[in-house]
Amino acid sequence: MSEAYKFEEIEKKWQKIWEERKVFEVKEDSTKPKFYCLEMYPYPSGRIHMGHVRNYSIGDVIARFKKMKGYNVLHPIGWDALGLPAENAAIKHGIHPQKWTLDNIDYMRSQLKKLGFSYAWSREVNSCQPEYYKWNQWIFLKMFEKGLAYRRTSWVNWCPQCRTVLANEQVIAGRCWRCDSQVTQKKMEQWFLKITAYAEELLSGHEKLQKWPEHVLQMQKNWIGKSEGASVNFEVPGIKKSIEIFTTRIDTIYGATFLVLSPEHPLAFELISGLPEKEKEKIQNWMAQTIAESRVKREAREEEKIGFDTGVKAINPFTGNPIPIWLANYVLMDYGTGAIMAVPAHDQRDYEFALKYGLPIVKVIAPEPSEAQPEEDRAFESLGTLINSGPFNGLRSEEAMEKMAAYAQEKGFGRKSVTYRLRDWGISRQRYWGTPIPIIYCPKCGLQPVPYDQLPVEIPYEAEFTGEEGSPLEKVANFVNTTCPKCGGPARRETDTMDTFVDSSWYFFRYCSPKESKRPFDPEKAKYWMPVDLYIGGVEHAILHLIYSRFFTKYLRDLGLTEIDEPFPHYLAQGMVTKDGSAMSKSRGNVVDPDEMIKTYGADALRVFILFASPPEKEFAWSDEGLEGCFRFILRIWNLVEENEDLFFRPKNPAQEKFEAKSYSSLLRKLHQTVRKVTEDIEIRFHLNTAISALMELANSLKKEKDILRQSQKGRELLRESLEKLILMLSPFAPHMAEELWERTGHKTLVAESSWPDYDPELAREELITIIVQVNGKLRDKFEVPIDTDEEILKETAINLPRIKEILGGKQPKKVVCLKNKLVSLVV
């Protein structure tokens, strides 16, 4: 080879070859096992960032590895191309959202291609193209027919900066998920998707997601928020209506001394209508102020509890006693019915409220004699034995809950019930650059769906972007004015567009048949490819995108388009990229441009570094020195192969082609152990960082031993085999250089189309060593592990030894010291 490593030329060369030969394009093939590898598709903001590079590099390693293992690999990419930033760019720079978006896509596509990702580019999808969002509208109409898409007036989260509605999931700590502005509440007509119809299945489906991070599942469980209890109606004679409450503690109902309603409750205004004008006005002003506050602030336990007596009373159906009805800021419309029975003796928030406003506190649950007595200044919130509860006195809480719910049902004022924190998904957005909602309003016929043969309802190109409140679509007469599909008379179009999370809730199906023109996707092709075998993306999408995608998948199943229940049985949440101790951000001035790094070090060095510095699921701290180190590693392999390239062109000695295991040096064992470790690190553990580390160790061993190995025919054969397998194993991480070395060492095939190297299990068996376990300096146990086992594994193994667990007695050690290959010392 005898020439320098010219990475720029090499990378361009192989990117061109892969594209020309369509190496990564695939079709259904029943003779091969399939593997659908997918990273979350990007929003075309203008340039890719290091978070993108990390996410897509992880996926690319897995996709290339699986292809070499004989799988039929689908590895597609596309663009989440609708959304508010395009409109903001139009307002700020006078660039049309379509041009801004398509120009950004062109640039970012070129960036991704520079990194050598193994994408099936022929399957590229773009959610801002009518041929894509037509199917958003088609799915919406199908939901509308089933009553799963509906319109109603609702209090909504309003971002004054983005001038649009936000779903609950898009409000983070009371602020807009996109611009970080304080979110307020606003009453508007909105379109909703009935995700609550699938609440129980979204929860029970977690049992099938064994390969999801536990904290992600927990986040979804908390968001769905299932509560089992009872619904009870409290009659309100003064207005001849009843108020339904949901409670998980019907056993405390004899202690309900007042009702509390959210200020958003439908009966709130009616309940205060009989008050003097001045008092009514004061309460109405407080209601407006409270409603405008964030739900996070109102839910906070330390937030001051403020309320007003409506002057109206309800009847406690168990006691028959009248109790006052209050409005208060700590009750939310989002949970249950927006009304609660307040039991101050047994709920701390109710207790604090009752103390503040001098309301009665009646104890109806007593702790068991053997249990700790409740504190005097706090509510007793535990289960116990009923007292002051009429015929239910003496029952344990658990038994009382069953009997009291049955009694309520028998008497016709209640029943056992389940409620969820999850609320229907409000999808209306007052934006231009989104999927138009396919609904027409006719003064004669009312609300009418757009006929299927008139889809797509296209986003009109002409629009003015002023930044004023309301959708720019409202001012496009040619769009708004239309005819009623039922009577043919003049009508107007819906001007709200869909939340862009609709686009990303099914795009993974579209990749299976991106050119399909009769349906969102071809069910037969989806049957072959789905579900996605590995889905990779940031944990910030644990609720937003992932729960919506699960909902859409279940609906599309019920529609008969797919047979699967879950789209992503295996989800890998990669950690964020940081620099100087914080997440990379333009505002912090700590962004590293991938283009500059590619220009200076090459795409392969960047890929290796971003995968080597930490495990995929952990945070990744950027380091210029680390990137330089990975470049030197790649250069060492280049030089190592160059120095020994003659081995690949010598005729093999037939008599020496196969060797007996006993004839091999320790390097042979090292080679097979490395193949095994890299294989398992990629395929089983996803520890791509330790896989690269193993390759580094093998390269160092080869460099150290090459002169000795070259002195014999057996040694030369072993060195050649080792270099060949090193190139193959390096190829998922540094594919351009691997292809170049593969070609230069006389191979006629592409490394991307070659088979992954095998290993001999006997030769790959690792040498075991004994690890001593000390507790407070004394020998307490020992165990065997392979040499050079990771310290974290050593610590975990030591702590979980039966004898050590007994000594610890359920406590965590204060300190754990690990000496590699020697001992683990615990301080308790």
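Predicted model: local features only at pLDDT ≥ 70, side-chain atom pairs only at ≥ 80, totals over all residues.
Residues are numbered from 1 along each chain as its sequence is written, and side-chain values use heavy atoms, with hydrogens and water left out.

Helices and strands are named here as DSSP runs (H or I of at least four residues for helices, E of at least two for strands), numbered from the N terminus. Helix H1 (residues 7-20) packs against helix H23 (residues 735-744) with the axes 9 Å apart and an angle of about 85 degrees, where axes are lines fitted to C-alpha atoms, for helices over the stretch in contact, and angles run from 0 to 180 degrees between N-to-C directions. H1 and H23 are therefore roughly perpendicular to each other (angles under 35 degrees count as roughly parallel, over 145 as roughly antiparallel, 65 to 115 as roughly perpendicular and the rest as oblique). On the H1 side the contact (heavy atoms within 4.5 Å) is made by Ile10, Glu11, Lys13, Trp14, Gln15 and Trp18, and on the H23 side by Pro735, His736, Met737, Glu739, Glu740 and Glu743. Sorted by class, the contact of H1 with H23 has five nonpolar, two polar and five charged residues; here Ala, Val, Leu, Ile, Met, Phe, Trp, Tyr, Cys and Pro count as nonpolar, Asp, Glu, Lys and Arg as charged, and the others, Gly among them, as polar.

Helix H3 (residues 84-93) and helix H4 (residues 97-114) have axes that come within 8 Å and cross at roughly 115 degrees. The crossing of H3 and H4 is right-handed (a crossing is left-handed if the near helix is turned anticlockwise from the far one by less than a right angle, and right-handed if clockwise). Pro85, Ala86, Glu87, Ala89 and Ala90 of H3 make the contact with Pro97, Trp100 and Thr101 of H4, and by class the contact of H3 with H4 has six nonpolar, one polar and one charged residues.

A further pair is formed by helix H19 (residues 624-643) and helix H21 (residues 688-709), whose axes come within 11 Å and cross at roughly 40 degrees. That angle makes H19 oblique to H21, and the crossing of H19 and H21 is left-handed. From H19, Phe633, Arg636, Ile637, Leu640 and Glu643 meet a set of residues in H21 that includes Ile692, Leu695, Met696 and Ala699. The contact of H19 with H21 has, by class, eight nonpolar, one polar and four charged residues.

Turning to the sheets, an open sheet of four strands has the order S2-S1-S26-S27 with parallel pairing, two strands being paired if DSSP finds at least two bridges between them. Strand S2 (72-74) and strand S27 (571-574) are the edge strands, each pairing on one side only, and the twist averages 20 degrees from one strand to the next. Strand S26 (residues 534-538) runs parallel to S27 and is joined to S27 by four bridges, with leucine 572 in S27 as the bridge partner of isoleucine 536.

Another open sheet is formed by four strands in the order S22-S21-S24-S23, and there the pairing is antiparallel. Strand S22 (446-449) and strand S23 (481-483) stand at its edges, each with a single partner strand, so one side of each is left without a neighbour in the sheet. Neighbouring strands of this sheet are turned by 40 degrees against each other on average, direction ignored. Three bridges join S23 to the antiparallel strand S24 (residues 490-493), and threonine 483 stands opposite proline 490 in S24.

The structure holds 52 aromatic pairs (rings of Phe, Tyr and Trp, the last by its six-membered ring, pair if their centres lie within 6.5 Å; planes under 30 degrees apart count as stacked, over 60 as edge-to-face and the rest as tilted). The rings of tryptophan 135 and tryptophan 138 have centres 5.9 Å apart and planes at 70 degrees, so the pair is edge-to-face. Both tryptophan 135 and tryptophan 138 lie in helix H5 (residues 130-145), three residues apart, about one turn of the helix.

Some backbone features fall in loops. Most residues other than glycine have a negative phi, and most peptide bonds are trans. The peptide bond from leucine 455 to proline 456 is cis, with omega near 0 degrees, and proline 456 is found in the loop between S22 and helix H13 (477-480). A cis peptide bond also joins methionine 530 and proline 531, with omega about 0 degrees; proline 531 has its place in the loop between helix H15 (523-529) and S26. Aspartate 580, a residue other than glycine, has a positive phi near 55 degrees and lies in the loop between strand S28 (577-579) and strand S29 (582-583).
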